Amino acid sequence: MSTTPPPGRLAHVDGLRGFALLGILVVNITYLASAYHGTGLEDPGTGDALSQGVRWVTATLFEAKFFLLFSFLFGYSFTLQIDSATRSGARFGPRFLRRLTGLFVLGALHAVLLFPGDILTLYALLGLVLLAVRNLAPRTAVRAAVTVLVVTALAYAALALVVLQAGADGTIPAGTAENAAAATEALCGGPGEVIGAHLDQLPDVLFLLVFFQAPSAFAAFLVGLAVGRRRALADPAALLPLLRRLQWAGFTVGLAGGLVYAHASLRHPETAYQVLALGLDVLTAPLLAAAYAATVLRFLDTRRGRRVLAALASAGRMSLTNYLGQSLVCALLFTGYGAGLVGRVPPAGVAALALALFGAQLVVSRWWLRSHAYGPLEWLLRAWTVLGVPPWRRSAAAKEPVRTG
């Protein structure tokens, strides 16, 4: 592929990022809506068939998949930022470090105030490593990504053996129902109680981020770096044979891994089987995420898809604002900041709220970008990154061309 940096933004990349936002919302809202989610305990009132069906769909198709797609795009956009700095004559290293610092601060505030499952802080820390290895050849970067995933999966397999040897039933002590009930009560309280509940959850969340999400996210960074160095998404139509192969692999092997992950998580939580399933998911979830990406890229290159592209790309261009905005709206819905509905909305209702919220974000994002150069938080982060005042209104900005591939 050509290594000449394409001018302007790539609409397909923004559209793919907008699609990833939907999947992230579908997963994150389940944690915001219930203090039992992820504890290995059954949430009271979610035992009906419809609720179980929604939980199976979410676990199989969404959990541990869409953050990989978002991570891949972080790595890909990293190469576009290098190109932008090169064209402007700016020093990339200091600029990117400021960007990571801004992401870390926003992420820390997000984790404490709105949602402990923040991923921005993780991206900021892993971004330091990505900066250090930015000169890796594309083939080397992909090999390194595969190595990270395989080593992580083997570590989970070893941990499963340890769990089996530690107890006759091969189980891990689960959180108590009393703790989950207490967390629910705190989340329905005043702002101080909500923040206290978030701080109580942070140790468990940090463990999950470090030992599960970090290796997979960094592997996706590396693949994004490799694809970005090849400028592969500049013309998605040229990738049709590869996209078809990704769909076949993802919707067979990747989907099978997702089913095993869902079965272990929902039927056998806190067991050696679930630990082993997590390791399997480390290997198969990237395939399913890649199949999603391939399907979306192929769809966006059709006549009907081009109509959808404008809405998704607008949401993707405001991904930081939309990501944090999702948590803000959900916090107002489910915690004592607002309606305090935590534990009171069944999974089907939670899924419907996610779709409604994302639909509203598509409309608002497109409306906002008609007259503004950046999303509100994108503008703030860019101002800190470049140590200047970016244009606020679109009419004042030097309009960037948007390529559709």
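Trainee: What makes Arg 231 and Asp 83 a salt bridge?

Mentor: Their closest N and O atoms are 3.3 Å apart. A salt bridge is a side-chain nitrogen of Lys or Arg within 4 Å of a carboxyl oxygen of Asp or Glu. The pair therefore qualifies. This is a predicted model, where local features need pLDDT of at least 70, side-chain atom pairs count only at pLDDT 80 or more, and totals for chains, interfaces and linings use all residues. Residues are numbered from 1 along each chain as its sequence is written, and side-chain values use heavy atoms, leaving out hydrogens and water.

Trainee: Which parts does the pair of Arg 231 and Asp 83 tie together?

Mentor: Arg 231 sits in the loop between helix H8 (191-229) and helix H9 (240-267), and Asp 83 is in helix H3, so the pair ties together parts 148 residues apart in sequence. Helices (H or I, at least four residues) are DSSP runs, numbered from the N terminus. Both Arg 231 and Asp 83 are buried.

Trainee: How many salt bridges does the structure hold?

Mentor: The structure holds 3. One of them joins Lys 65 to Asp 281, with the closest N and O atoms 3.4 Å apart. Lys 65 lies in the loop between helix H2 (49-61) and helix H3 (66-88), and Asp 281 in helix H10 (residues 272-300), so parts 216 residues apart in sequence are tied together. Lys 65 and Asp 281 are buried.

Trainee: What is the distance between the closest N and O atoms of Asp 14 and Arg 17?

Mentor: Those atoms are 3.0 Å apart, in a salt bridge. Asp 14 and Arg 17 both lie in helix H1 (residues 11-33), 3 residues apart, about one turn of the helix. Both residues are buried.

Trainee: Why is Ser 71 called buried?

Mentor: Its relative accessible area is 0%. Buried means under 20%, exposed over 50%, partly exposed in between (1.4 Å probe, protein chains only). So Ser 71 counts as buried. Ser 71 lies in helix H3. A polar atom of its side chain lies 2.6 Å from the backbone oxygen of Phe 67.

Trainee: Why is Arg 304 called exposed?

Mentor: Its relative accessible area is 62%. Arg 304 is found in helix H11 (residues 303-317).

Trainee: Which residues form the positive surface patch?

Mentor: Arg 303, Arg 304, Arg 306 and Arg 307 form it. Patches are made of residues with over 30% relative accessible area and no salt bridge; like charges are joined within 9 Å, nonpolar side chains (Val, Leu, Ile, Met, Phe, Trp, Tyr) within 5 Å. Lys and Arg count as positive.

Definitions and conventions. Areas by Shrake-Rupley, 256 points an atom, 1.4 Å probe, with all protein chains shown as cover. Charge placed at Lys NZ, Arg CZ, Asp CG, Glu CD. Helix = DSSP H or I, 4+ residues; strand = E, 2+ residues; numbered from the N terminus. Polar contact = N/O pair within 3.5 Å; in protein donor to acceptor, adjacent residues only side chain to side chain.
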